[in-house]
Amino acid sequence: MKILVCISNVPDTTTKIKFSEGDSSIDTTGVQWVINPWDELSLTRALELKDDPSSGIKSVTVAHVGPVSSEPTIRKALAIGADDAIRVNAGAADAYFVAAQLAELVKKEQFDIIMCGIESSDHNGSEVGAMIAEFLNIPSVSAVSGITPENGIPVITREIDGGREKVTVPAPFVIIVQKGIAKEPRIASMRGIMTARTKPIKVVEPVAGESLTQIISLEKPAPRSACKFIDADNPAQLIELLKNEAKVI
Amino acid sequence: MVKQLIFAASLLITLGVFAYTMNRLISFFRLTKPAFPVRDIGKRIGIMLKVAFGQTKIFRFPVIGFFHALVFWGFCIILFGSLEMVVDGLSGKEKIFKFLGPLHDFIMAAGDIFALIVLISVLIFLLRRLFFSVRRFEGVEMGKRSHTDAAVSLVLILLLMGSLILMNAGYTGYKHATGEEIFGVYPFGNLIAGLFPGMTAGSFSIMYEISWWSHILLIFFFANYLPYSKHFHVFMSIPNVFLSRLDPLGKMSNMDSISREVKMMLDPGPVTPSVTDDPPERFGIKDAEDVSWKNYLDALSCTECGRCTSVCPANITGKKLSPRKVVMDLRARMKEKAPLLLKNGKDFSDGSSLLRNYISEEELWACTTCNACAAECPININHPAIILDMRRYLVLEEGSAPGELKSVFSNIENNGAPWQYSPEDRLNWARDLEFEVPVMADLFAAGKKPKYLLWIGCAGAYDDRYKKVARALVKILNHLNIDYAVLGKEETCTGDPARRAGNEMLFQMQALQVIDTLKKYEVSDIITICPHCFNTIRNEYPDLDGHFEVINYLQLLNLFTKEGKLKIGTEAFMGLSVTYHDPCYLGRANGIYDEPRELLGSLSCDLIEMKRNRSFALCCGAGGAQMFKEAEKGDKEVFIERTEEALGTGAGVIATACPFCMTMITDGIKYKNREEEIKNLDVAEMIAVALGL
């Protein structure tokens, strides 16, 4: 069986986001790019499955839709342990476009399990995984926190309200994973980085596809105001501030 | 003539067996990796005279150390007599070195008296081992075999000394009885001979012959028993001290194989095949054949005294790590694996390895790299070198590390600090000061070059408590009109936690980046706050071609006080009782003990020392990247053990000089519910207060 892990290239979580082009896109100057944390976890789980002979997983491929500038992130995924990578040479216009491209890859390369992080940590769209499944008319399972081989069949664990659900679906299928899918992201070993240098990144041109979303504007949350400390002996002041300044009572 | 022949034959057998053993060990050494070139012979001789012959480190445990020193010096003197016996035995002459005259007399007399002293000392050692429970001699690694080995060795020495005394008694008794000339002086032998007034010359002669032969044959046996015993240190300790690593304790060796890879990563031009074709077989230590000759020499030299383990903060608090076990395991594993490698080729695997089958990951991750073990070892064994190279194997080859450390790696890689904070916020600590903290890039743009670069460190930049220390320090620097600047947003982690957590690659990426920035601004002098940054930039960057004059803030401030430029008011802390906790990376790692104490002295506070202070100081528990992970399972947290000791002094202030120590001690004070009465302050903060800043 072959796993495809879809990875997204996102700004590091400590990045101070700035906007450009009239507040409709993110200014990428000086941004440190990383693998989307949920995708990193799904890659980790995919590699764990490959390490387990009973899973029947023979290879782990990563796929990414993005320009050549995102190759260091792909290389990182290879260093962590993916066998090979495919990059669709196009900007990730929106979820619909990206899903169309990835669906095309799955069709061509015949993957059995497609893993997508629940969302990307930049735009938080939470759409691509389900869309891929729809494009291909195959099952998709959401809120996945585990996948384990049992008697040669991958059993998927879902988080449901107040508990867990175990399901199986016929392959090929898409799983949309969230935290818990792997304990912690695997790190690249030196040996991994060295071998990643010669691992193939296949570049394919995008198939025709449209993007359905247009970003009108982006805005940041209002900065948190400073915390005011009020002396414990002065409850009157607290009430006064809650009434007149915070206007909550 | 017959006697000579028998003697020659036994000597030949002794040398033969010894040569076989040595040949075997040399073939084991051939399997090891390079460590460092042996240069600075003068310096090495100096260390050998001091540490080996002067027994300076053994005196760190003064009472029992004194007895050991007596035994050592006794052995040195007695060795001369043993050599004379060998020449006598071969030549059939008597006391062949007698031509040395008074010197011969002196050495013989000293040997005679030392035989008694050694006998008594060894008797004390043996009785102590047999009848008293000495904690240092216990532990999982101290099996029955270790105890038997120790007892056998001590009994052998007792017999050696006993036979020597009887030999001298027989010799003098015989000479007195026959009136022949005595060569050499034997005060104690004489005394013993005097106890047998009625004994004939013949009897004395028999006594002499029997004890002469038993003594020399015991020596021959002992010499061949030693290499198979923990007591091999009798031979190995002096060479081991001579071959000590000369670097400061805090310095970790550079992995040149990683440097090549990292340079290729940072400058990804065309990949030169000559470099990629030749990657090392293995990064770090997984098994016996991965160790350096020095690691193995250390292992062979260890006599299992357990001083290292008795001062190890992890071991003291009930964790599995025991530095002695690490060294003993290496010796045992080499003994097991080396013959297999020699027989079946260097790629042979017996399905076992030093890592995991002997030393667990849990042991390795418990080390705080405080270097107490290495500082304590009487023969300069470097335990952390083995532990850290095993961590390097785990991370570089297997990508394996405790989860929290993996996050630390990601953070350092992505945002240049062990914590998840934006590099954009690096200068937030300096906000709202009454003056502007000069930033290197601004000064440089204006064509100015400050004398010092002030290295803030990640804790100074992001840790709310330690930001106050950074602020206190710049206030003092400002007060002193010191020409300095900071890197601000251009500063990034030195790589210390990554390196000590085994991630040599990440360390070197960070180091090269920092060195590059520092060179860009033509920095030559650096003031550091964090002792870990201090140690890394000062001791480890030179290996990566980063050569800077690095001074710790305490050294600088003390210098200014001594020169009279920094006059500290004594009112603020007058008479206040203060205890100072030595940070490992200032103290043991870099020998800075006096400066903080002199500064505290100039505050006129009442300095109370903890029992474990200066080079004996107990780690706070945070070094070696422990700061960022949960401690391994044990009976107690290290920081609690240390805080309890500090609180035990009754001091009102626990002074520290390291961000990690501060976090640990502050936590400890909170844990003990003493934060109302006891303050944890950095020395810089105290000075700033005293200056009214």
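Which residue in S11(A) does A:Arg158 stand opposite? Select both strands to see that A:Arg158 stands opposite A:Glu165. This is a predicted model, in which local features need pLDDT of at least 70, side-chain atom pairs count only at pLDDT 80 or more, and totals for chains, interfaces and linings use all residues. Residues are numbered from 1 along each chain as its sequence is written, while chains are lettered from A and ligands numbered from 1 in the order in which they are written.

**Stop 1: hairpins of chain A**

Helices (H or I, at least four residues) and strands (E, at least two) are DSSP runs, numbered from the N terminus; two strands pair if DSSP finds at least two bridges between them. Select S9 (residues 140-150) and S10 (residues 153-160) of chain A, which pair in the antiparallel sense over 6 bridges. Here A:Val144 stands opposite A:Arg158 of S10(A). The two strands form a hairpin with 2 residues between them, and A:Asn151 in the turn has a positive phi of about 50 degrees.

**Stop 2: backbone details**

Most residues other than glycine have a negative phi, and most peptide bonds are trans. Move to A:Pro172, in the loop between S11 and strand S12 (173-177) of chain A. A cis peptide bond joins A:Ala171 to A:Pro172, with omega about -5 degrees.

Then select A:Gln110, in the loop between helix H3 (95-109) and strand S8 (113-117) of chain A. Its phi is near 60 degrees, a positive value in a residue other than glycine. A:Gln110 counts as exposed because it has 10 C-beta neighbours inside 10 Å. The cut-offs are 20 or more other C-beta atoms within 10 Å for buried, 12 or fewer for exposed, and partly exposed in between, with C-beta atoms placed from the backbone.

In chain B, select B:Asn380, in the loop between helix H17 (372-376) and H18. B:Asn380 is not a glycine, yet has a positive phi of about 55 degrees. With 23 other C-beta atoms within 10 Å, B:Asn380 is buried.

**Stop 3: where the chains meet**

Show both chains: 20 residues of chain B are in contact with 20 residues of chain A, contact being C-beta atoms, placed from the backbone, within 7 Å. On the side of chain B that touches chain A, the elements that give two or more residues are helix H9 (256-266), helix H18 (383-398) and helix H19 (403-415) of chain B. H19(B) provides the largest share, 5 residues.

**Stop 4: a helix pair in chain B**

Select helix H11 (residues 293-301) and helix H14 (residues 323-344) of chain B, which pack at an angle of about 100 degrees with their axes 8 Å apart. Axes are lines fitted to C-alpha atoms, for helices over the stretch in contact, and angles run from 0 to 180 degrees between N-to-C directions. Residues to display in the contact include B:Tyr296 and B:Leu300 of H11(B), and B:Leu330 and B:Met334 of H14(B).

Key:
Contact = placed C-beta atoms within 7 Å.
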